[in-house]
Every structure is written in C-alpha cells, then in structure tokens.
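Hi,

Here is the structure I promised to pass on.

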Amino acid sequence: MNSAKSLKTDVVIVGSGVAGLYAAMNLPDNLNITIISKGNVTECDSYLAQGGICMLRDDADYDSYFEDTMRAGHYENDPDSVDQMIRQSQDVIKDLISIGTDFERNADGSLDFTKEGAHSNKRILFHEDITGQEITSKLLEAVKKLPNVSIYENVTMIDLITKKSNILGDSSCHGVVCTALPESELSDKYGICDTNDGKKIVFIESFYTILACGGIGGLFDHSTNYPILTGDALAICLKHGIKLENPDYIQIHPTTLYTDHSSLYVEHFDGSKSLRPSTDLLTDRAFLISESVRGEGGILLGSNGERFTDELQPRDVVSSAIFHQMKKEGSKHVWLSMEHIPEDEIRNHFKHIYEHCLEEGYDATKEPIPVVPAQHYFMGGIKVDLNGQTSMRHLFAAGETCCNGVHGRNRLASNSLLESLVWAKKSALLIKEKYDKRVVFSHIPCSENVSDVSLTQVAPEWIDTMTLKVNNKKIVLSEIERMKEYHENHKPKQYITSCTGNYAPSGRRPDPVSA
Ligand SMILES: Cc1cc2nc3c(=O)[nH]c(=O)nc-3n(C[C@H](O)[C@H](O)[C@H](O)COP(=O)(O)OP(=O)(O)OC[C@H]3O[C@@H](n4cnc5c(N)ncnc54)[C@H](O)[C@@H]3O)c2cc1C
C-alpha cells in the first residue's frame, strides 16, 4: 500500500448517525478523529426517528423496563446488555440535554414522557414526532465544533485495512478503504486510483475503527430506512471472517403509510376516491406511522371497520396480525384510526405525521389512514461485547450495524436510539483507555509488529463498484437466509428468566455465529 498517500488518523468512524457522532463526542480531544458518511450527513436513519428515546425514570421502573425489553425480545436478549442500556440511560439523556436537545416538558418544567407498544409505563422522551432529527442535529452541531474531528461526506467504505500480527497470529484492523467523489478534498489529497464509476480509491489508516453504519433497509423493496443503508459493513465483515450474530433477526414495522405509487388517486376508508394533493413527498422510503400513535390510542381496523388485534403488543406480533388480516381480506393494507386521540394532540404531538398524511390525501383527524407493515429495523449485526468490541482487534461497532444482544429477537420501541448511544460511548471510553496505554510506547498509527499487510495493492474488486455492490448484497442476503434456516431448525434453549423466575429462552443464543 502506498501509505505515503493515505490519510492517517487516530480513529476513523464510519457513519454519521447518532452512534458515529456520539462516539466522536466521547473520544478524548487529543485524538485526531475522522468521520465518513456514505451520503450527506443528514441522510441517515437517526434523522428519521419519530417516536422517541427511552429513559429509566426512577429505580422503581427498573424491573418493569427490563422485563418489557426482554419480553419484546422473546427473552433471547443478553440480560447484561439490557441492564447496561437501562442503567446508562439517564447519563446519556443528561449529555443530550447538555448540548441543547429539547425534549417535551410538562408545565412545571419536568420532562414529559409518552408510551409506545409493549411498554408497561410511560418512559419515552420525545420532541414532537421528530425526536431523531432533534437529537441528531444537536449532536452534529456539537461535533462540528470539535477541532479534532473532520467529517467527510459522500465517502463510502468498501473494505477494511487489516494486518496479521506476528506475535498473536490473528488479524487486526487498521483503517478503511473507501471511495470518494472525484473533485473532493479527500480525492485530491489522497486519491490512489479511479474506480469505473469515476470515483477515487482512498485509504484511511487509523489506530482504531468504529463501524456505525446503521441498518440494512436498502436491501429490501419496502423499508422505512434510507436506501443507501445496504449493510456494507456486514458484507465486509463476513469477507474478513469477523463474527456476525443473528443477521436474520429483522424487524418489520407494523404501520407505514400505504402508498400506491402507480395511482394519482387515493382511496378512503368510506370507499370514496380523491386526487392525491401532492406527489412531492413520494420517496423510495415507506413513511412510518410511529408506534406512539397506537400508544396514545390509535386503533387498527379491517376493511369492515372492526378491530382485529391488540395494538399495544410487541411489533412482530402486531405485524403478523396485520399480515393475517390482509390475507383474510385479500387487501393490500389495513386501516389505522386516530378517532380516540384528541384532535389537538394529533396536530401537535403528531404534527409531521398529520401533515404528511394530508399531503398524501388523508386527514388523520377525520378518517382512518391506510397502513401496511415494512422492513424497519435490524436486531442482528456485527457481534460485539459490552464495550462494542468486535471479534477483530482494533475494530469496534455501535448502533444498528452491531448486535450487542439488547434486542434479542425483536426490538422494544424507542430502545434503539438509546442502545446506539450507550454502545457508542462505551466504545469511545474503551478506545480512550487502550489508547492511553499505547501512547507510552508509540504514537505512530499502524506501528504494530506485522508480518502481512493484507492490502498491499489495489484489489480489482474495488474498481468495479457496481459488481461490488451486487456481490455485497448477495453475501448479506444469503447469510440472512442461512441463519434463518439454522434458527428454524434449532429452537432456543429454555432458561429461567432472571426477573420473573419463569421458564423462557433468556439470553443470547449459544449459536454458531456467522464468520
Ligand atoms: C422511520 C424510522 C423511525 C424510527 N423511530 C425510532 C424511534 O422513535 N426511536 C428509536 O429509538 N429508534 C427509532 N428508529 C431506529 C433508529 O433511528 C436507528 O436504529 C438509529 O438511528 C441508528 O443509528 P445509527 O447511528 O446506528 O445509524 P444511522 O443513523 O442510520 O447512520 C448510519 C450511517 O452510516 C453511514 N454508512 C453506511 N454505510 C456506509 C459505508 N459503506 N461507508 C460510509 N458510511 C456508511 C451512513 O451514511 C450513515 O451516516 C427509527 C428508524 C426509522 C427508519
């Protein structure tokens, strides 16, 4: 590798969602940090989060919060991870408030909490129905002020730089290979060669790498996620033998607005049709109708106007009830009625949902809206421990791209922003600790005793980016299928759950992980 031409940094963070940004915020200011994002910085799911973020309100709520998370996860969660997430929640929220994040408050100034499906108590903080945008934009503002952090947009990680240790015999990560736009700062300074779609290959060498690459919705036809989130980190990890866990655990959100892209008309619950007021909001993403709409009283109806399920069950249960109803009726969606939610709450708490529905031709204060399940969240991912460490030395992962065991087989609503933040901070703190120890010996990146630099030249597969994209998609989807089949044939073991004393699968499965 022409290391004279690579960008050298102490820590490279791949991803600028909540996980990437909060990790940067928690790394010490004597480290040089480089963040890259595949699209522009706001093109990430963190900006899309609507409902809110959980926080342990007080000690009295601990058992119930723990049990709700475990129950939603079918008791396949890692109890230590759940415990860590819950116990760290107040600190994380304090940090967010300290950088100006504005959560809804009661008249007396205290924090206001809402409730979502499968939560026994109100423990979710929110900002209107754009909580993710509020949190992520404040994190971005804070990180942009840090002189030791550089952010590069439209830069795509396509591989890891790995080295094999003479002493330990295993490999460690020393940065990333990426593609950058031709006339960008990175390409001008560090571009090694062209890809066949006109970009430049760039090497970023680092002591530590944090993968914060988000979900995998871009691999599916119908998803609430940004289409650029295609699980690149998972494909790259699989190629390097880095362990994944439960890649087949994918959450379908029960309620996204049903949109017939082929028609200029919309059909209403009473059977009438009207012209769609605007096509401006039609994107590749399925528009989410937050869980908290059901939490605040929204009910699901079949075409005959009858309720067919308990709307506050965990997401996977509600999704399968909807699929069942759609199959029974031969319909493409069911209906969500907000008739029990006061009109001013719909207009204020659910302002953006209300406005989006209006733009698509539905007035949620007056009529049910059509909803259908869509791919939404990835519970599986790159296997990490309580500190975000992957199975490769010097490589960390945080946020939706990792599997730390918090969610088990199904995520409890509003736990993912929190989990992303908790693991981002834990990774940053461990890197700080490890780095401090190393500094005693050397401050030069990649100075390990190595026998084999695996990236000695430009690999042909980096140049043909279209084939790389297609192959990466195949690699991830076939791993998902492989693990799905495995799980269908191997039911989880029965354990005694720690908090109820009941028999149930409890804890991460002792599965063979993908590698
Ligand atoms: C519509 C919607 C509503 C949601 N509502 C809630 C909610 O109310 N509460 C809650 O807790 N959670 C919610 N979630 C889930 C939550 O938003 C995500 O789990 C969380 O934001 C993930 O954060 P992240 O930092 O891991 O990933 P993201 O915010 O998605 O960021 C991923 C980053 O990785 C970058 N990236 C990916 N691949 C590459 C690559 N190859 N090279 C370079 N960069 C790359 C992207 O550019 C992006 O910057 C919602 C999700 C969606 C889609």
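Below is what I found, going from the whole chain down to single residues.

First, the ground rules. This is a predicted model, so local features need pLDDT of at least 70, side-chain atom pairs count only at pLDDT 80 or more, and totals for chains, interfaces and linings use all residues. Residues are numbered from 1 along each chain as its sequence is written.

**Whole chain**

The protein chain has 13 helices and 21 strands; these are DSSP runs numbered from the N terminus, with helices being H or I of at least four residues and strands being E of at least two. Along the principal axes, the C-alpha atoms fill a box of roughly 70 × 55 × 50 Å.

Of the 515 residues, 50% count as buried. Here buried means 20 or more other C-beta atoms within 10 Å of the residue's own, exposed means 12 or fewer, and partly exposed is in between, with C-beta atoms placed from the backbone. Among contacts with a separation of 6 or more, 73% are between residues 24 or more positions apart. A contact means that the two C-beta atoms, placed from the backbone, lie within 7 Å.

**Domains**

The domain assignment gives domain 1 as 3–249 + 379–464 and domain 2 as 253–375; such bounds come from an automatic or database assignment. The C-alpha centres of domain 1 and domain 2 are 32 Å apart. Where they meet, 22 residues of domain 1 are in contact with 26 residues of domain 2. The domain 1 side of that contact has seven nonpolar, eleven polar and four charged residues. For the classes, Ala, Val, Leu, Ile, Met, Phe, Trp, Tyr, Cys and Pro are nonpolar, Asp, Glu, Lys and Arg are charged, and the others, Gly among them, are polar.

**Helix packing**

Helix H1 (residues 18–26) packs on helix H4 (residues 131–144) at an angle of about 35 degrees, with the axes 9 Å apart. The axes are lines fitted to C-alpha atoms over the stretch in contact, and angles run from 0 to 180 degrees between N-to-C directions. Val-18, Leu-21, Tyr-22, Ala-24 and Met-25 of H1 meet Ile-135, Thr-136, Leu-139, Leu-140, Ala-142 and Val-143 of H4. By class, that makes ten nonpolar, one polar and no charged residues.

Leu-417 in helix H11 joins this neighbourhood: leaving out residues up to four places away in sequence, Leu-417 touches Val-18, Ala-49, Ile-53, Gly-132 and Ile-135. Leu-417 is buried, because 28 other C-beta atoms lie within 10 Å.

In helix H2 (residues 62–72), the buried residues are Tyr-65, Phe-66, Asp-68, Thr-69, Met-70, Arg-71 and Ala-72. They pack against helix H3 (79–98).

**Positive phi values**

- Just after H2, His-74 has a positive phi of about 55 degrees.
- Glu-128, in the loop between strand S4 (124–125) and H4, has a phi near 45 degrees, although it is not a glycine. Glu-128 is partly exposed, with 16 other C-beta atoms within 10 Å.
- His-394, in the loop between strand S16 (381–383) and strand S17 (395–397), has a positive phi of about 70 degrees and is likewise not a glycine. His-394 counts as buried, with 23 C-beta neighbours inside 10 Å.

Lys-426 is in H11 (residues 416–439). Is Lys-426 buried or exposed? Lys-426 is buried, because 23 other C-beta atoms lie within 10 Å. Setting aside residues up to four places away in sequence, Lys-426 touches Leu-386, Asn-387 and Gly-388. Lys-426 and Asn-387 are 39 residues apart along the chain, with their C-alpha atoms separated by 5.1 Å.

Tyr-377 is in strand S15 (residues 369–378) and counts as buried, with 24 C-beta neighbours inside 10 Å. Apart from neighbours within four places in sequence, Tyr-377 is in contact with Gly-215, Gln-251, Glu-400, Arg-411 and Ser-416.

Cheers
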